[in-house]
Structures are given as C-alpha cells and as structure tokens.
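Colleague: Please put the model up, and then we can go through its packing.

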Amino acid sequence: MNSNAGFDAVLFDCDGVLVDSELITNRVLCTMLNESGWVLSSEDCLQLFIGKMVRSQKALIEAHTGKPLTDAWMEDFYERRNVALEQDVKAIEGVVDAIHTLHAQFNGQIACASGADRKKIVMQLRIAGLLPYFEGRIFSGHEMPRTKPYPDVYLAAAAALGADPRRCLVIEDSVTGTQAGVAAGATVWAYHPPGHAVCPQAELAAAGASQFFEHMGDLPLRVATASVLAA
C-alpha cells in the first residue's frame, strides 16, 4: 500500500500513451493492406484499427482483401512494423519525467498493459528509456485469453501488483483500451493531446473515460490532487 489515497496503482497503455507509435504502425499496416487489395486511406485505417490487435480483425481484413490473413502475412507485418518503429518511435513528450515521478510516488506500483505483442512493447519501452520502470511489470494482450476491449490484460496487471482493480488508475488514449479499463473496474483517464489525439473526446467519454488531460507532464500533479481529494 502507498500513500496515494485515491489509487493503489497506475496501469498504462503503451502505444500513444508512453510512446508516439500509433501513426508509425498505422503507416505500415495501411501500406500492406493496400498492397493486399484493400484500398483505404491512412485516416480510415487508423479509425478502424486504433487500439486493436491486427489479428483480431481477421474477418474484416479477409472480407476487404479477398485473401486469407496468413501467418506469413502477419510475420511480414511485424517485421516491417518493427523496422519502422526502431527508426522513428519516440517517447511521448514529458512522459519520462512523469513516469519517474509516478514510479516513486507509487513505490513502483505501476505497470504497462498493452494490446500489443511483448516484443514490440519491450522494444518501444527500451528505445523510449522507460524499460527500467516497467521491467517485470509488462503485460501483453497477445498472452491473455482475450485482448482489449476485454479487461483481461488490466486484470492481470492489477493482480500481479496485488492491487484491487477498482483502486487502479488506467491511462489510455483509445476507445478500445478505455472500454477494457472500465470493464476491469478501474478508473480511466484519457490522454488527449491537442492536434494529435487518435480518438474524439466524446467517444472516449462515452466509453467511460472520466478525466482528460493534454500533456503527459501534468499527470503526476493530477494524480496527487486526486489523491488529496480522496483522502
């Protein structure tokens, strides 16, 4: 137990919350879908796939390409995606200092709970300089019975920290992830940067996000304020 009366742990999504990766991955996915015969814009691709595991959209992809979604296609996607991320991914502005503060504030009771595969999560956290704060507390939707929008990955993270999900704060940026956090029983705050948000605020609110913030550097003070109010 820590001194934060409002929450016992903070659980972070990865893509779009800790690392600025959404548009990089979307660029690769959109290119490959167009190559496979599904003509769609990058904007439409982002709207359809944001916060979702690509393989979970197998039926949708096959319906539009007229081709089976094979393991070979997925492996090619992962390889091309990882090359692009290695070259271009960066930490979200202000997140390194915010995580450093929150890690101390919560006595290490923070975790990364992502719908992505573990290799991608670890690679991105390493590049962003965040891996030391999350090592041993990384949870992948690929390793759960169900991925987001189901709550499994957030429930697993809370259980590993010994925290009641109802006393966990989840930080998300997508509707799918927000739904997962709410389904776990957690409080969900949405990171919604001006000009760069991937989901409209109204949709995140409808999914259950209870607060919105625009700059990651503001998060520690917001959490501290919430804790004081809850005391």
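Modeller: A nonpolar core is a set of buried Ala, Val, Leu, Ile, Met, Phe, Trp, Tyr and Cys residues joined through side-chain atoms within 4.5 Å, where buried means under 20% relative accessible area with a 1.4 Å probe, protein chains only. This is a predicted model, in which local features need pLDDT of at least 70, side-chain atom pairs count only at pLDDT 80 or more, and totals for chains, interfaces and linings use all residues. Residues are numbered from 1 along each chain, and side-chain values use heavy atoms, without hydrogens and water.

Colleague: How many residues has the largest nonpolar core?

Modeller: Phe12, Leu18, Leu125 and Phe134 have the most contacts inside it. Leu18 is in contact (heavy atoms within 4.5 Å) with residues including Phe12, Leu125 and Phe134. The largest core has 54 residues.

Colleague: Is Asp15 buried or exposed?

Modeller: Asp15 lies in the loop between strand S1 (9-12) and H1; strands are DSSP runs of E, at least two residues, and helices of H or I, at least four. The side chains of Asp15 and Gln124 are joined by a polar contact of 3.0 Å. Its relative accessibility is 9%, so Asp15 counts as buried.

Colleague: At what angle do helix H1 and helix H2 pack?

Modeller: Helix H1 covers residues 22-35 and helix H2 residues 42-49, with their axes 9 Å apart. The two helices are roughly perpendicular to each other, a class that runs from 65 to 115 degrees. On the 0 to 180 degrees scale between N-to-C directions, the angle is about 110 degrees.

How values were computed
Parallel < 35°, antiparallel > 145°, perpendicular 65-115°, else oblique. Buried < 20%, exposed > 50% of the residue type's maximum accessible area, 1.4 Å probe, protein only. Polar contact = N/O pair within 3.5 Å; in protein donor to acceptor, adjacent residues only side chain to side chain. Lists of a residue's contacts leave out its neighbours within four places in sequence.
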